[in-house]
2 protein chains.
Amino acid sequence: MTDRVPRVVPHFHEALEGLKERLLVMGGLAEERVRACLQALVERDEVQAGAVRRGDAPVNRLHVDIDQRCVALIALNQPMAADLRAIVAAVKINTDLERVGDLAVNIAEAVLRYLAQPPVPGLLDIPRMADLAQRMLRDALDAYVRRDLTLADQVLAADDSLDALKAQVHHALVAQMRAEPSIIEPALDLLLVSRHLERIGDHATNIAEDVIFMVTARDVRHSGQEDDDAAR
Amino acid sequence: MTDRVPRVVPHFHEALEGLKERLLVMGGLAEERVRACLQALVERDEVQAGAVRRGDAPVNRLHVDIDQRCVALIALNQPMAADLRAIVAAVKINTDLERVGDLAVNIAEAVLRYLAQPPVPGLLDIPRMADLAQRMLRDALDAYVRRDLTLADQVLAADDSLDALKAQVHHALVAQMRAEPSIIEPALDLLLVSRHLERIGDHATNIAEDVIFMVTARDVRHSGQEDDDAAR
């Protein structure tokens with residue numbers, strides 16, 4: 001570091017762009033880990049599943065780094081309104097992406113247990129769920145970076161499709177378990193994989209909601225739920 | 001509100017204390033919801049389970065309120081260092097507590113499905129898991145308010161006990177499902193309840209980690225994991 005380089009954060013908006021860039025990198029890593037576990041499941045590749053299980057460190061390092069950058073950006077620049085909302089959103093999105101990394105570890109563990117047992121008849125719509133969850137994650141982060149409300153709304157809509165796929169997978173696996181109790185344990189591992197994928201979709205949904213809050217300063221979270229509560 | 005009450009944030013530290021107070025109220029609500037679902041399960045009380053399923057609105061309202069207070073506190077007071085870390089921690093803790101409220105809904109749904117089916121032989125250690133998860137949540141929030149690192153460490157230690165209980169419950173339920181395939185579906189619902197309780201413990205752990213970060217400015221998250229990665 002030379003004398004001419006400022007020791008603290010450089011230009012604020014440059015630093016904010018750098019933060020967004022890092023969130024995209026982290027999202028890309030998290031998405032790749034989900035893709036790799038599912039490939040390991042489909043191709044029965046224990047080596048690859050093991051690599052995903054062990055490979056969470058880069059996501060975790062980015063998690064700590066982004067968190068510290070967010071706090072530093074607020075402390076040193078005292079941003080107002082829209083910029084502050086963008087940084088608070090980054091704190092939350094960072095947490096969601098870290099959890100997606102954890103879920104990839106959980107999926108890899110379930111895949112490793114699954115591959116050590118006799119296979120169940122088929123993987124049903126689990127690979128399709130994984131594709132959808134990955135796309136939701138990518139779209140939610142693009143929506144954050146581009147401040148794109150239409151894309152954020154698409155993520156919210158896609159979550160309903162993911163939940164429907166999960167319900168189908170659940171019913172099919174329970175029917176298989178009843179018909180053939182010897183496959184209860186591997187079927188439970190597939191059930192877990194489908195639940196973890198559903199939770200990845202939930203994290204993408206959280207990100208999309210944070211984008212809507214950041215762009216509009218309007219809190220869409222829980223807005224539908226109160227109506228549901230009243231209707232039940 | 002009378003004319004004498006200031007419309008914006010009053011004295012900063014008073015407002016920060018008010019924020020902590022609200023987090024405690026939200027934590028108390030979330031904990032009570034977990035307690036109520038488990039009581040509904042033990043006493044086979046569908047009315048109470050239904051009330052928990054429908055009753056997430058107060059937690060959700062506090063979630064939105066606390067989030068807005070955090071952003072306003074930062075924007076209007078430009079806090080530095082320790083105070084800023086306390087508010088950023090509040091943003092994260094708020095998210096964790098909101099998810100605990102959601103998990104209480106998920107548990108209530110599983111309990112309602114469970115109660116509509118023939119019961120499985122017993123609830124195993126599920127009530128004990130619920131007691132432990134509630135205590136972890138309470139301790140984590142007390143640790144936040146009192147800046148108590150010893151208590152935060154106790155929460156981290158308790159999470160290992162909760163995970164061990166969950167593993168026992170899992171094995172016992174799988175054994176029951178194998179022995180009696182007709183109880184696969186109710187046993188799956190109990191399995192889900194135990195997983196949701198484990199996740200409540202994970203949220204308490206997140207809160208304890210945020211407390212350690214807030215008090216020490218040291219990031220304990222992921223510190224053990226890198227070693228694990230290297231060891232495997």
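Which residue lies over the face of A:Y144, and at what distance from the ring centre? The legends below, which describe close-up views of a predicted model, begin with that residue.

**Figure 1. A lysine lies over the ring of Tyr144 in chain A and in chain B.** In chain A, the residue over the face of A:Y144 is A:K20, placed at 5.8 Å from the ring centre. In chain B, the charged end of B:K20 sits over the ring of B:Y144, and the distance to the centre of that ring is 5.8 Å. A search for aromatic pairs over all chains gives a count of 0. Both tyrosines return in the view of the nonpolar core, where A:Y144 and B:Y144 are among the residues with the most contacts.

**Figure 2. The salt bridge between A:D65 and A:R22 joins two helices of chain A.** The side chains of A:D65 and A:R22 meet with a nitrogen-to-oxygen distance of 3.0 Å. Because A:D65 belongs to helix 3 (residues 57-77) and A:R22 to helix 1 (residues 12-42), this pair ties together parts of chain A that are 43 residues apart in sequence. A:D65 is partly exposed, at 22% relative accessibility, and A:R22 is likewise partly exposed, with a relative accessible area of 27%. The two residues also belong to a network of salt bridges in which A:R22, A:D65 and A:R69 are linked. Over all chains, the whole structure contains 30 salt bridges.

**Figure 3. In chain A, a salt bridge connects A:E31 with A:R138.** The closest N and O atoms of A:E31 and A:R138 are 2.3 Å apart. This pair links distant parts of the chain, with A:E31 in helix 1 and A:R138 in helix 5 (residues 126-146), at a separation of 107 residues. A:E31 has a relative accessible area of 14% and is therefore buried, since the limit for that class is under 20%. A:R138, at 36% relative accessibility, counts as partly exposed. Helix 5 of chain A, which carries A:R138, has 21 residues and reaches 30 Å from its first C-alpha to its last, close to the 30 Å expected at 1.5 Å a residue. Just after this helix, A:R147 takes a positive phi of about 50 degrees.

**Figure 4. In chain B, a salt bridge connects B:E31 with B:R138.** The closest N and O atoms of B:E31 and B:R138 lie 2.3 Å apart. B:E31 lies in helix 1 (residues 12-42) and B:R138 in helix 5 (residues 126-146), so the bridge ties together parts of chain B that are 107 residues apart in sequence. B:E31 is buried, with a relative accessible area of 14%, whereas B:R138 is partly exposed at 37%.

**Figure 5. The largest nonpolar core has 160 residues, and A:L197 is one of those with the most contacts inside it.** The residues with the most contacts within this core are A:Y144, A:L188, A:L197, A:I200, B:Y144, B:L197 and B:I200. With neighbours within four places in sequence left aside, the contacts of A:L197 are A:V34, A:L38, A:I107, A:I126, A:M129, A:A130, A:A133 and A:L162.

**Figure 6. Helix 4 of chain B is largely enclosed by the rest of the structure.** This helix (residues 81-115) has 35 residues, which should span 51 Å at 1.5 Å a residue, and its end C-alpha atoms are 51 Å apart, in agreement with that value. Of its 35 residues, 28 are buried, and the helix is therefore largely enclosed. B:L112 is found in this helix and counts as buried, at 19% relative accessibility. Apart from its neighbours within four places in sequence, B:L112 is in contact with B:E46, B:A49, B:G50 and B:R53. The C-alpha atoms of B:L112 and B:G50 are separated by 7.3 Å, although these residues are 62 residues apart along the chain.

**Figure 7. A:R44 and B:A81 have positive phi values although neither is a glycine.** The phi of A:R44 is near 50 degrees, and this residue is found in the loop between helix 1 and helix 2 (46-54) of chain A. A:R44 is partly exposed, at 39% relative accessibility. B:A81 has a phi of about 40 degrees and is found in helix 4 of chain B. The relative accessible area of B:A81 is 49%, and B:A81 is thus partly exposed.

Technical notes. Residues are numbered from 1 along each chain as its sequence is written. Chains are lettered from A and ligands numbered from 1 in the order in which they are written. This is a predicted model: local features need pLDDT of at least 70, side-chain atom pairs count only at pLDDT 80 or more; totals for chains, interfaces and linings use all residues. Side-chain values use heavy atoms; hydrogens and water are left out. A salt bridge is a side-chain nitrogen of Lys or Arg within 4 Å of a carboxyl oxygen of Asp or Glu. Helices (H or I, at least four residues) and strands (E, at least two) are DSSP runs, numbered from the N terminus. Buried means under 20% relative accessible area, exposed over 50%, partly exposed in between (1.4 Å probe, protein chains only). A nonpolar core is a set of buried Ala, Val, Leu, Ile, Met, Phe, Trp, Tyr and Cys residues joined through side-chain atoms within 4.5 Å. Contact means heavy atoms within 4.5 Å. Rings of Phe, Tyr and Trp (its six-membered ring) pair if their centres lie within 6.5 Å; planes under 30 degrees apart count as stacked, over 60 as edge-to-face and the rest as tilted. A charge sits over a ring if NZ of Lys or CZ of Arg is within 6 Å of the ring centre and within 35 degrees of the ring normal. The expected span of a helix is 1.5 Å times one less than its number of residues.
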